[in-house]
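Subject: Handover of a structure and the findings from it

Dear colleague,

I am passing the structure below to you, together with an account of what was found in it. Please look through the sequence and the model before reading on.

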Amino acid sequence: GNSVTQMEGPVTLSEEAFLTINCTYTATGYPSLFWYVQYPGEGLQLLLKATKADDKGSNKGFEATYRKETTSFHLEKGSVQVSDSAVYFCALRSQNAGKSTFGDGTTLTVKP
Amino acid sequence: KAGVTQTPRYLIKTRGQQVTLSCSPISGHRSVSWYQQTPGQGLQFLFEYFSETQRNKGNFPGRFSGRQFSNSRSEMNVSTLELGDSALYLCASENSGTGGSDTQYFGPGTRLTVL
C-alpha cells in the first residue's frame, strides 16, 4: 500500500536559518504530493502541492519538488520566521483515490 | 467562501456513551472525508462520502459510522466509546471528489475526550 516517511522531529532552528524537511513516499502509479501545515489548536492547511514528476510547488517562501526517481518531496525554505513554527505533514493521494496518506508530521520550532 | 466548519469544537464523553460529530463542507463541494488524529497513530483515514454514498472506508471498527445528507453536510457517529477514541477528528471537503490531484480542505477539527 501507500506510505509516507517524514524526517523525524522535532526540528529547532534560529530565525532566518535554512529549512529542509525530508519526505519520501511509496506508491503505485503517479500520486499527487502535498505538504500541509498545522498550527496549535487548528486543522490542516494546504501549504503546497505537486501533481506530476518534476513539478515544483511553492507558497509563502516554501518549495518542494516532486522527484519521481528518488520518490521524494522534500520541503525547503530559505529563511524561516518565528511564525513558521508549526507541525508539517507530507501527504500523497493516488489517482482516483479518496483518501490521503500522511506522514507522521515534523514539529518545527523557530527561535528568535 | 466560508471554509469547512465542524461542530462541536470540543466534546467530553464517558466510556460507553455515543457521540455525533458534524461537518459542513465548503459550498459546492460534494465529497467529505473524515480522519482521526492521535499522537500515537497520526492521521488515519476513517471514510469518505460523495453524493450521500460512502465511497471509501478505512480500517476502523463498525462502532465508527457516518452519513452524508443531500446538502453535502456529513455526520460521523461513534458508539460505545472507548478511552482510545480520544482524538482530534478532522473533516475534509473537496470539489469533484475524483481524488488524485484534487485538494482536500480541512476543518478545524473536533477534539473528543473520552473519560
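A salt bridge is a side-chain nitrogen of Lys or Arg within 4 Å of a carboxyl oxygen of Asp or Glu. With that cut-off, the count between chain B and chain A is 1 salt bridge. Please bear in mind throughout that this is a predicted model.

The interface

The salt bridge is formed by the side chains of B:Glu94 and A:Arg93, with an N to O distance of 2.8 Å.

The disulfides

A disulfide is a covalent bond between the sulfur atoms of two cysteines. Over all chains, the count comes to 2 disulfides.

In chain A, the disulfide is formed by A:Cys23 and A:Cys90, whose sulfur atoms are 1.9 Å apart. This pair links distant parts of the chain: A:Cys23 is in strand E4 (residues 23-26) of chain A and A:Cys90 is in strand E10 (residues 86-93) of chain A, 67 residues apart. The torsion about the S-S bond of A:Cys23 and A:Cys90 is about -70°, so this disulfide is left-handed. Both A:Cys23 and A:Cys90 are buried.

In chain B, a disulfide joins B:Cys23 to B:Cys91, with an S to S distance of 1.7 Å. B:Cys23 lies in strand E3 (residues 19-24) of chain B and B:Cys91 in strand E9 (residues 87-94) of chain B, so the pair ties together parts that are 68 residues apart in sequence. The disulfide of B:Cys23 and B:Cys91 is left-handed, because the torsion about its S-S bond is about -50°. B:Cys23 is buried, with a relative accessible area of 0%, and B:Cys91 is buried with a relative accessible area of 0%.

A buried glutamate in chain B

B:Glu48 lies in strand E5 of chain B. Is B:Glu48 buried or exposed? Its relative accessibility is 0%, and buried means under 20%, so B:Glu48 counts as buried. The side chain of B:Glu48 makes a polar contact with the side chain of B:Ser31 at 2.9 Å, and another with the side chain of B:Arg55 at 2.6 Å.

Backbone features

Most residues other than glycine have a negative phi, and most peptide bonds are trans. The exceptions listed here may be of interest when you inspect the loops.

- The peptide bond from A:Gly9 to A:Pro10 is cis, with omega near -5°. A:Pro10 is in the loop between strand E1 (3-6) and strand E2 (11-14) of chain A.
- B:Thr7 and B:Pro8 are joined by a cis peptide bond with omega of about -10°. B:Pro8 is in the loop between strand E1 (5-7) and strand E2 (10-13) of chain B.
- A:Thr71, a residue other than glycine, has a positive phi near 45°. It is in the loop between strand E8 (62-65) and strand E9 (75-77) of chain A, and at 30% relative accessibility A:Thr71 counts as partly exposed.
- B:Thr80 is not a glycine, yet its phi is positive, at about 45°. B:Thr80 is in the loop between strand E8 (74-78) and E9 of chain B, and is partly exposed with a relative accessible area of 47%.

A glycine in strand E7 of chain B

B:Gly66 is in strand E7 (residues 64-68) of chain B and counts as partly exposed, at 24% relative accessibility. Leaving aside neighbours within four places in sequence, B:Gly66 is in contact with B:Phe47, B:Tyr49, B:Glu75 and B:Met76. The C-alpha atoms of B:Gly66 and B:Asn77 are separated by 5.8 Å, the two residues being 11 residues apart along the chain.

With kind regards

How values were computed: Residues are numbered from 1 along each chain as its sequence is written. Chains are lettered from A and ligands numbered from 1 in the order in which they are written. This is a predicted model: local features need pLDDT of at least 70, side-chain atom pairs count only at pLDDT 80 or more; totals for chains, interfaces and linings use all residues. Side-chain values use heavy atoms; hydrogens and water are left out. A disulfide is a pair of cysteine sulfur atoms within 2.5 Å. Helices (H or I, at least four residues) and strands (E, at least two) are DSSP runs, numbered from the N terminus. Buried means under 20% relative accessible area, exposed over 50%, partly exposed in between (1.4 Å probe, protein chains only). A polar contact is a pair of N or O atoms within 3.5 Å; within protein, one must be able to donate a hydrogen and the other to accept it, and residues adjacent in sequence count only if both atoms are side-chain atoms. Contact means heavy atoms within 4.5 Å.
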